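This report walks through the sheet, a hairpin, the cores and a pocket. Look at the sequence and the fold before reading on.

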Amino acid sequence: MQPIPMERMIYVLFISDQEIQDNYFMRDAVRAIKQGLVAKNNGMIQNPHRTVIELPDKQASALYMPSADLENQVASVKVVNIFPNNPDEGKPTTQGVLMLSDASDGQHLCTMDASFLTRLRTGALTSIATSKLARADARTLSVIGTGAMAFEQVLGVLEARDIGTILLFNRTAEKAHTFQDKLKDFGVDADIQIVDNVKEAVKKADIINCATRSKTPIFDGNDLQKGTHINGVGSFLPSMQEVDLSTIKKASIIAVDDLTSVKEEAGELIHAAKSGEWSFADVYGELNDFSRDDSLVRKTPEQITFFKSVGAAYFDLEVAKGVYQKAKEDGFGTTP
């Protein structure tokens with residue numbers, strides 16, 4: 001792969017969340033992430049562990065995430081603040097910014113809002129994992145948690161499978177109704193239903209998306225049906241758990257986005273490892289493994305599969321690189 005030609009500039013381009021949403025889509029993000037997985041397999045990704053600062057009085061977190069893609073000669077640092085109580089004050093839950101730089105000479109190329117970018121890249125990870133692990137005939141998606149991260153998770157699954165029915169469960173029913181309207185307004189062509197208990201959502205699902213910040217498991221793994229695929233993207237701290245030990249033990253395949261990060265941040269897997277009933281050695285593969293070995297897919301229709309994602313900086317970098325390229329080609333973004 002040839003290094004990206006980066007135009008010499010004396011200014012730094014700024015790209016807003018809205019400009020990214022208007023011009024860069026899930027299929028673009030999936031393509032960008034796949035390119036990054038190739039670079040990772042070639043040993044050309046530097047991805048230092050992110051720094052997380054917890055702000056307990058606000059139940060909030062601040063994340064600092066650097067990365068470099070030496071194959072494509074770009075580097076980035078992303079800062080994301082997650083304040084789950086912000087919507088009560090009319091403010092967004094997630095606020096982020098990313099700086100993209102030329103790794104050949106250190107020139108800063110652009111800054112961009114990173115809230116939508118974070119949601120988009122996480123949806124793209126879910127899309128890639130779902131394409132590998134969900135049954136080919138999966139038609140019913142259950143969404144548990146309809147907060148800020150959930151929408152792009154649905155779009156990611158829709159990119160991977162022909163979904164006919166979407167079941168929504170949220171502890172606050174009003175938020176589920178708002179999410180239903182958002183999906184319809186976006187043009188999602190599926191039967192979108194709201195269910196009033198999580199057991200129903202789990203028992204009827206071919207695919208389950210979990211996008212919560214729960215500190216306790218959000219469903220009973222004993223309710224899982226054979227052949228279900230689960231995407232867990234909401235919990236990203238050792239204190240958080242979205243799925244229970246039963247789910248982890250029932251899963252024939254557990255795949256992760258980045259094993260180093262998951263070992264330190266995926267609360268449900270950390271808890272399972274400490275119980276002695278599961279081990280990180282049982283992880284089937286990382287996302288980049290799936291990109292180089294087509295045999296790493298579900299083996300039978302009956303298997304239960306689980307994809308755990310906590311995020312890694314190089315995923316943000318790859319999508320940011322794609323956004324920047326498209327901005328230069330299509331002429332969006334602003335300069336001082």
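Two strands count as paired if DSSP finds at least two bridges between them. In this predicted model, strand β13 (residues 253–256) and strand β15 (residues 305–308) are joined by 4 bridges and run parallel. Val-256 sits opposite Lys-308 in β15.

**The open sheet**

That pair belongs to an open sheet of 8 strands with parallel pairing. The strand order is β10-β9-β8-β11-β12-β15-β13-β14. β10 (191–194) and β14 (285–286) are the edge strands; each has a single partner, so one side of each lacks a neighbour in the sheet. Helix α5 (residues 173–186) packs on this sheet. The helix touches β8 (140–144), β9 (165–169) and β10. Its direction makes about 170° with that of β10.

**A hairpin**

Strands β3 and β4 form a hairpin, with 4 residues between them. Gln-59 lies in the turn and has a positive phi of about 55°. Here 5 bridges join the strands, which run antiparallel. Val-52 stands opposite Leu-63 in β4.

| Strands | Residues | Bridges | Direction |
|---|---|---|---|
| β13 and β15 | 253–256 and 305–308 | 4 bridges | parallel |
| β3 and β4 | 51–55 and 60–69 | 5 bridges | antiparallel |

**A buried loop residue**

Is Gln-303 buried or exposed? Gln-303 has 14% relative accessibility, and the cut-off for buried is under 20%. Gln-303 therefore counts as buried. It is placed in the loop between α10 (287–292) and β15. Beyond its neighbours within four places in sequence, Gln-303 contacts Gly-227, Thr-228, Ser-252, Ile-253 and Arg-298.

**Nonpolar cores**

In soluble globular proteins, nonpolar side chains tend to be buried together. The largest nonpolar core here has 61 residues. Ile-15, Leu-100 and Met-112 have the most contacts inside it. Not counting residues up to four places away in sequence, Leu-100 touches several residues, among them Val-74, Leu-109, Leu-317 and Tyr-324. A second, separate core holds 38 residues, including Leu-167, Leu-224, Val-256 and Val-262.

**The second largest pocket**

The second largest pocket has about 330 Å³ of space. It is lined by 15 residues. Closest to its centre are Phe-25, Met-26, Phe-116, Leu-155 and Phe-186. Elements giving two or more residues to the lining are α2 (26–41), α3 (115–133), α4 (150–160) and α5. Which element gives the largest share of the lining? α4 does, with 5 residues.

Methods: Residues numbered from 1 in each chain as written. Predicted model: local features only at pLDDT ≥ 70, side-chain atom pairs only at ≥ 80, totals over all residues. Heavy atoms only, no water. Contact = heavy atoms within 4.5 Å. Axes fitted to C-alpha atoms, helices over the stretch in contact; angles between N-to-C directions. Buried < 20%, exposed > 50% of the residue type's maximum accessible area, 1.4 Å probe, protein only. Core = buried A, V, L, I, M, F, W, Y, C linked by side-chain atoms within 4.5 Å. 1 Å grid on protein atoms, 1.4 Å probe; cavity = no way out; pocket = protein on both sides within 12 Å on 5 of 7 lines; lining within 4 Å. Points joined across faces, edges and corners; volume = space filled by probe spheres on them.
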